[in-house]
Amino acid sequence: MKRAIPVVVLSIAGLVPIWRYEPSIGGSTSTTEAASTPSASSSSSGSGSSSGTVVKGTTVTTEKGPVQVQVTFQGDRITAVKMLQQPNHPQTTAAVPKLIAQTLEAQSADIDTVSGATITTGGYKESLQAAIDANAEAAAASPSPSAPASTASAARTADGSAVNTEKGTVQVQVTFEGEKISTVKMLQQPNHPQTTAAVPKLIAQTLEAQSADIDTVSGATITSDGYRESLQAAIDAKG
């Protein structure tokens, strides 16, 4: 009977480590990634265009909700912007295409605040700038020895035809870098609220599709048709 006591004691003692080191289940995951420095990685662009360096901006917490962008670069040029996180709010939904179109045109975070979406714009610009800074740091750390020096000089500009519509005249100017559409600028457009709202969406679609094969913007059918006609004329004029 006395020999049995140590065996029981040792058995109980052997269970103690198991109890102490039993893993916890159902713990929440920390969101420290949002506060970390963005990193650049070579990947395929989410827009379906050519491959490039994809960089995630920081997650910016705003009163409306978190805002985070993902930017695709070709060298130091912004070729695509994708929203990873954004507030679930109608004004944000309307503002995002305008912010992206401005970014692709300005090639920086120095863009205008979208009316009615001041908070989202502020978060967008902060996350965008973080992505731009991360890409610049990555490029500085590993500069390409064979980077072409004549990229800027290869840019060509072509004016599309002036298309007369029921709403007014529509005309675009397109800048090409090689075969790629890098910038679209409106030379003429109807002075109409629906046109003003549609133009950034049309430009964003053009830069993504790299052609005039783009969708009609709801509520701006006439302007969309005129835009596509003028755009195709500019593409044809480039040769």
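Of the 239 residues of the chain, 37% count as buried, where buried means under 20% relative accessible area, exposed means over 50%, and partly exposed lies in between, with a 1.4 Å probe and protein chains only. The model is predicted, so to speak of local features a pLDDT of at least 70 is needed, side-chain atom pairs count only at pLDDT 80 or more, and totals for chains, interfaces and linings use all residues. Residues are numbered from 1 along each chain as its sequence is written, and side-chain values use heavy atoms, with hydrogens and water left out.

**The whole chain**

Show the chain as a cartoon. It has five helices and nine strands; both are DSSP runs numbered from the N terminus, helices being H or I over at least four residues and strands being E over at least two. Read from the N terminus, the order of elements is α-β-β-β-β-β-α-α-β-β-β-β-α-α.

Select residues 66–74, which make up strand β4. Is this strand mostly covered or mostly open? Mostly covered: seven of its nine residues are buried. In a regular strand the side chains alternate between the two faces of the sheet.

Strands count as paired if DSSP finds at least two bridges between them. Pick K56 here; its bridge partner in β4 is Q70.

Keep Q70 selected and look toward β5, where K82 stands opposite Q70. Strand β5 covers residues 77–85. How many bridges join β4 to β5? Seven do, and the two strands run antiparallel. A further pair to display is T72 with A80, which stands opposite T72 in β5. The hairpin of β4 and β5 has two residues between the strands, and G75 takes a positive phi near 70° there.

Now go to the other end of β4 and select residues 60–61, strand β3. Two bridges join β3 to β4, again in the antiparallel sense. T61 has P66 of β4 opposite. These strands also form a hairpin, with four residues between them. In the turn, G65 has a positive phi of about 145°.

**The cavity**

Next, turn on a cavity display. On a 1 Å grid over the protein atoms alone, a cavity is a set of points where a 1.4 Å probe fits but cannot get out. Grid points are joined across faces, edges and corners, and a volume is the space filled by probe spheres set on the points. The structure holds one cavity of 30 Å³ or more, and the largest cavity has about 70 Å³ of space.

Which residues line the largest cavity? Select R77, I78, T79, L104, Q107, K180, I181, S182, L207 and Q210; a lining residue has an atom within 4 Å of a point. At least two residues of this lining come from β5, and at least two from β9 (180–188). By type, the lining divides into four nonpolar, four polar and two charged residues. Nonpolar means Ala, Val, Leu, Ile, Met, Phe, Trp, Tyr, Cys and Pro, charged means Asp, Glu, Lys and Arg, and the others, Gly among them, are polar.

Most residues other than glycine have a negative phi. Q107 counts as partly exposed because its relative accessibility is 21%.

Then pick Q210, in the loop between α4 and α5 (221–238). Phi of Q210 is also positive, near 60°. With a relative accessible area of 25%, Q210 is partly exposed.

Move to Q205 in helix α4, residues 193–209. Q205 is partly exposed because its relative accessible area is 22%. Draw a distance from its C-alpha to that of A101: 9.0 Å, for residues 104 apart along the chain.

Go on to A130 in helix α3, residues 118–141. Is A130 buried or exposed? It counts as buried because its relative accessibility is 15%. The C-alpha atoms of A130 and T59 are separated by 9.6 Å, and the two residues are 71 apart along the chain.

**A ring and a charge**

Finish at F176, where K238 lies over the face of the ring, at 5.3 Å from the ring centre. A charge sits over a ring if NZ of Lys or CZ of Arg is within 6 Å of the ring centre and within 35 degrees of the ring normal.

Technical notes
On a 1 Å grid over the protein atoms alone, a cavity is a set of points where a 1.4 Å probe fits but cannot get out, and a pocket is an open set with protein on both sides within 12 Å along at least five of seven lines; lining residues have an atom within 4 Å of a point.
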